[in-house]
Structures are given as C-alpha cells and as structure tokens.
Amino acid sequence: MAPAQGGFSWSNIAVGAVMNMFEVTTLGQPFEVIKTQMASNRTQTMWQALKTVSSRGGVLGFYQGLIPWAWIEASTKGAVLLFTSTEVQKVAKSLGMGPGAAGLFGGMTGGIVQAYATMGFCTCMKTAEITRQKQMASGEAPPSTWKVFADIYRREGIRGINKGVNAVAVRQMTNWGSRMGFARLAEAPVRRFSGKTDGEKLSNVERVLCSTVGGALATWNQPIEVIRVEV
C-alpha cells in the first residue's frame, strides 16, 4: 500500500489508518505487549516474559488492549503519520533535499505530530487496560478502564493523561525519521542491483526490502523506547 505522491492528497489519511490497523492486528500488538512486559520487568528473560503474558489468557493475553485502544491509536497515528510525512517529504524535495534527507525530515515531523496529536490519550488507555488484565489474572476485581482513566484525570489532570508523551515524541521522531530516511537511502543500492534508473518505480518486493532495511536500522533508538515505557 503506497502513499499518494502527486499533489495534496487526503487519501494518505485513509492509507495510513488502514496500514497501521493491519500492522497492529497481526503481530504489532503481541510484540508491543511482550516488549512492555520485558521493559517493566527487567529481570525476566524472553521466555519468562512469554510465559507471563501467556498466563494472562493464552493467545489472547498477547492481544491485551487491542480493542478498542490499540485500534484507535493505530488508526489515528497512522493517518497523521503518513499524511504529515508525505506532505513534508514533497516540500523537502521541492527545496532540493535528496531522498534520504527528505525521508528523514518527513519521518521526524510525522512522528512528532502523531505523538502529540493522538498517542498520549491512547497510550494511557492501553496501559490502563493492560493493568486491569494483570489485576484480573491475580484474582483482584479491577475497576473499569474508564474508571482508571477518570481516577488518573482527577488526580493529575491532562498532564497525567499525557504522562510520558514527551518521551513518546522523542521516540517516534527518531523511530520514523530513521525508518523513512534509511528506507529511502536503501532505494539507491536496490535500484543499482535491479538495473533500474532513478525514474523507474520499484516493485512491491523491492519496496518491502527497503522498508525492512529501514525498520531494522531504526532499532538503534531502543534505549529511548525503554525510557518511554519507564515513564
């Protein structure tokens, strides 16, 4: 699924929302739950984290917080990210930036905007839902997710709901900037290998390869992600 490149396209909002919904519904949410479990329980190995999550409901334990909060977060942040980053990349290229620099700048801008526009509230609600599941697994009778949300808001206000959003913004800025920047840089060697000129479109397989390279190289910012979870 490719972002629209010509003109000012609102279709990227729908493309970004659908793309992120698919990602989180397949393997995105299980990896998020495992990552959060390990980050908040530093002594656990990967195997211990898998067993702990599985004990909270089997396979469904890996999808805690998926409906509706991860869906809401994925659709809104995906829409904001793809629309913003695509438009910024077009402007950056028109100012003479190369593909790598334009991708870096677009990804950084999109990551910052999505963090402050959508992720504070959604992250708070997902955390509340996962906390409830942990309490239920231990035999407690937890309050509803909205009750947890209301308690946080009453105690800490908007700042409490968006607690950690600055760390989220730094993480998303470095994450998406790196992903898009590295993915654009990877296009040049892929074109050379396949014998394509700069004007020729890459195939879907080639684009997936570039995106995979970008995603893998973007993991340098994992320390920032651990800080985000801690906050």
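Q: Which helix has the lowest mean pLDDT, and which has the highest?
A: Helix α8, residues 222-230, has the lowest mean pLDDT among the elements of the chain, at 76. Helix α2, residues 46-54, has the highest, at 91. Keep in mind that this is a predicted model.

Q: And what does the chain average?
A: The chain averages a pLDDT of 82, and 90% of the residues score at least 70.

Q: OK, new topic. Which residues make up the largest nonpolar core?
A: There are 8 of them: Trp 69, Cys 124, Met 125, Ala 128, Val 148, Phe 149, Ile 152 and Ile 161. Helices α4 (99-137) and α5 (145-161) each supply at least two residues of this core.

Q: Which helix gives the largest share?
A: That would be α5, with 4 residues of the core.

Q: What does Val 148 touch, leaving aside its neighbours in sequence?
A: Leaving aside residues within four places in sequence, Val 148 is in contact with Ala 128, Arg 132 and Pro 143. Ala 128 is also a member of the core.

Q: Let's stay with α5. How far does it span between its end C-alpha atoms?
A: Helix α5 spans only 13 Å, while a straight helix of 17 residues would span 24 Å at 1.5 Å a residue.

Q: Where is the kink in α5 centred?
A: The kink is centred on Arg 155, and its angle is about 100°.

Q: Which residues of α5 are buried?
A: Thr 145, Val 148, Phe 149, Asp 151, Ile 152, Gly 157, Gly 160 and Ile 161 are buried.

Q: Switching to charges: how many salt bridges are there?
A: The count comes to 6 salt bridges. One of them joins Glu 32 and Lys 35, with the closest N and O atoms 3.1 Å apart.

Q: How are Glu 32 and Lys 35 placed in helix α1?
A: They are 3 residues apart in helix α1 (residues 11-40), so about one helical turn separates them.

Q: What about Lys 90 and Glu 87, how are they placed in α3?
A: Those two are also 3 residues apart, this time in helix α3 (residues 66-94), which means they are separated by about one helical turn.

Q: Are Lys 90 and Glu 87 buried or exposed?
A: Both Lys 90 and Glu 87 are buried.

Q: Which residue does Glu 206 form a salt bridge with?
A: Glu 206 pairs with Lys 196, and their closest N and O atoms are 2.8 Å apart. Glu 206 lies in helix α7 (residues 204-217) and Lys 196 in the loop between α6 and α7, so the pair ties together parts that are 10 residues apart in sequence.

Q: Is Glu 206 buried or exposed?
A: Glu 206 is buried, because its relative accessible area is 14% and the cut-off for buried is under 20%. Lys 196 has 23%, so it counts as partly exposed.

Q: What does Val 190 touch?
A: Not counting residues up to four places away in sequence, Val 190 touches Leu 202, Glu 206, Leu 209 and Cys 210. Val 190 lies in helix α6 (residues 165-194), and at 11% relative accessibility it counts as buried.

Definitions and conventions
Residues numbered from 1 in each chain as written. Predicted model: local features only at pLDDT ≥ 70, side-chain atom pairs only at ≥ 80, totals over all residues. Heavy atoms only, no water. pLDDT = per-residue confidence, 0-100. Core = buried A, V, L, I, M, F, W, Y, C linked by side-chain atoms within 4.5 Å. Buried < 20%, exposed > 50% of the residue type's maximum accessible area, 1.4 Å probe, protein only. Contact = heavy atoms within 4.5 Å. Expected span 1.5 Å × (residues − 1). Bend = angle between axes of the 7 residues up to and from the residue. Salt bridge = Lys/Arg side-chain N within 4 Å of Asp/Glu carboxyl O.
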